[in-house]
Amino acid sequence: MCLGIPGQVVRMLDGYGGQLALVDVVGEHRKVNIGMLPDDVFAPGDWVIIHMGFVVERTDRAGAAEALAGLKMMGSGDPPP
């Protein structure tokens with residue numbers, strides 16, 4: 001299992017063989033590589049899970065919220081319920 005960060009595709013970027021997307025990650029725009037999922041077509045509004053600058057999974061709003069909640073829990077120092 002890897003630690004993944006959720007984000008929402010803002011737009012695809014020109015160049016790089018169509019493998020770069022601009023993704024909103026908690027209000028910050030980041031360039032990420034979608035090349036690990038060559039059969040997927042991404043569009044603005046799609047939710048993804050990012051690891052080390054690469055999209056490793058497509059998800060939905062609920063999956064992104066769950067991933068973010070897990071990250072927040074790990075960073076809080078509080079034990080899980």
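Q: Why is Ala43 called partly exposed?
A: Ala43 has a relative accessible area of 33%, and because buried means under 20% and exposed over 50%, with partly exposed in between (1.4 Å probe, protein chains only), Ala43 is called partly exposed. This is a predicted model, in which local features need pLDDT of at least 70 and side-chain atom pairs count only at pLDDT 80 or more, while totals for chains, interfaces and linings use all residues. Residues are numbered from 1 along each chain as its sequence is written, and side-chain values use heavy atoms, with hydrogens and water left out.

Q: What makes the contact of Asp40 and Arg58 a salt bridge?
A: A salt bridge is a side-chain nitrogen of Lys or Arg within 4 Å of a carboxyl oxygen of Asp or Glu, and the side chains of Asp40 and Arg58 meet at 3.6 Å, N to O, so the pair is called a salt bridge.

Q: How do you know that Asp46 and Arg58 also meet in a salt bridge?
A: Their side chains are 3.1 Å apart, N to O, which means that the pair meets the cut-off for a salt bridge. Salt bridges that share partners join Asp40, Asp46 and Arg58 into one network.

Q: Why is Asp40 called partly exposed?
A: Asp40 has a relative accessible area of 29%, so Asp40 too falls in between those limits and is called partly exposed.
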